[in-house]
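Here's a quick briefing to read with the model open beside you. Take a look at the fold first, then work through the points below.

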Amino acid sequence: LADIDGQPMIVRVLEQARAADIGPIVVACDDTRIASAVEAAGGRAILTDPELASGSDRVHAAATAADPEGAFEFILNLQGDVPMIEPDAIRAAFDPLQDEAVDIGTIATEIRNAAKRDDPGYVKTVGTPVGERRLRALYFTRATAPSGPGPLYQHIGIYAYRRPALARFVSLPPSYLETRETLEQLRALEAGMRIDVSLIDSAPMDVNTPEDLEAVRQAV
């Protein structure tokens, strides 16, 4: 609900989702104030249980409520703290799902700021190339990895799930590495699910701290 140039942050994310033009949009939230802000902007909000353990659990609950018949094959989890994400970046998360072997698609961008390479707040994607501007994810970590010469990639927390993959993911208990790194996507990898990553040029600014919020306010 943080104000960014006269609009709540969630409304700015909603506008970027609309610009991506990929299907119906539902905001999953656990607070009536968020729901009210979304509805005032002409959006649809679904209230979910505040006791849900993760964002993916919340997405699954909202998708089930919005589409109980399962008409939609893919579900995209766009988090509400990326008010400046580009529509092309949102769409890029879907691209890996063209390969039927892929369970989950996501995105990453090269870390070009040397100081951020060692920042645990910037989650690193460790993957092997499987095509032009695409990696198969082998690991995600807050550490500086992989070692050796070459680029490091920051993972952007947007996930495009096949519907059965999302259902399976939320049925699994938290995994060892997920708990250790506090990165829920590791649960999928530990369970043998495949995550592929589209590499994008832009670097969406997510808002995790008051300093991040001020940076976004200055940028809009």
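Asp 5 is exposed, with a relative accessible area of 60%. You'll find Asp 5 in the loop between β1 (3-4) and β2 (7-8). Keep in mind that this is a predicted model.

- Phi of Asp 5 is near 50°, which is a positive value in a residue other than glycine.
- Arg 133 isn't a glycine either, yet its phi is positive, at about 60°.
- Arg 133 sits in the loop between β7 and β8, and it is partly exposed, with a relative accessible area of 40%.
- There's also a cis peptide bond, running from Ala 145 to Pro 146, with omega near -5°.
- Pro 146 belongs to the loop between β8 and β9.

**Helix α5 and its two sides**

- Which residues of helix α5 (residues 163-171) are buried? They are Arg 163, Ala 165, Leu 166, Phe 169 and Val 170.
- If you look down the axis of α5, the buried residues fall within an arc of 160°, so they line one face of the helix.
- Here's the general idea: an α-helix has 3.6 residues a turn, so residues three or four places apart point the same way.
- Pro 164 and Ser 171 are exposed, and they sit on the face of α5 turned away from its buried side.
- What do the buried residues of α5 pack against? Their partners are α3 (55-66), β5 (74-78), β9 and α7.

**The nonpolar cores**

- The largest nonpolar core has 24 residues, and Ile 104, Phe 140, Leu 166, Ala 188, Ile 195, Val 197 and Leu 199 touch the most other members.
- At least two residues of this core come from each of α3, β6 (104-110), β8 (134-141), β9, α5, α7 and β10 (195-200).
- α5 provides the largest share of this core, with four residues.
- Another core, of 15 residues, lies apart from it, and its members include Ala 20, Val 82, Ile 85 and Ala 160.
- Ile 195 has contacts beyond four places in sequence with Ile 104, Thr 106, Leu 135, Arg 136, Ala 137, Phe 140, Gln 185, Ala 188 and Leu 189.

- The C-alpha atoms of Leu 199 and Thr 106 are 8.9 Å apart, although 93 residues separate the two along the chain.
- Thr 128, in strand β7 (residues 124-131), is partly exposed, with a relative accessible area of 34%.
- Setting aside residues up to four places away in sequence, Thr 128 touches Arg 134, Leu 135, Arg 136 and Leu 138.
- Thr 128 and Asp 196 are 68 residues apart along the chain, and their C-alpha atoms are separated by 9.5 Å.

**A gap inside**

- How many cavities of 30 Å³ or more does the structure hold? It holds one, and the largest cavity has a volume of about 30 Å³.
- The lining of the largest cavity is made up of Ile 104, Tyr 159, Tyr 161, Phe 169, Glu 184, Gln 185 and Ala 188.
- By type, the lining residues of the largest cavity are five nonpolar, one polar and one charged.

Notes:
Residues numbered from 1 in each chain as written. Predicted model: local features only at pLDDT ≥ 70, side-chain atom pairs only at ≥ 80, totals over all residues. Heavy atoms only, no water. 1 Å grid on protein atoms, 1.4 Å probe; cavity = no way out; pocket = protein on both sides within 12 Å on 5 of 7 lines; lining within 4 Å. Points joined across faces, edges and corners; volume = space filled by probe spheres on them. Nonpolar A, V, L, I, M, F, W, Y, C, P; charged D, E, K, R; others polar. Buried < 20%, exposed > 50% of the residue type's maximum accessible area, 1.4 Å probe, protein only. Arc of directions from axis to C-beta. Contact = heavy atoms within 4.5 Å. Core = buried A, V, L, I, M, F, W, Y, C linked by side-chain atoms within 4.5 Å.
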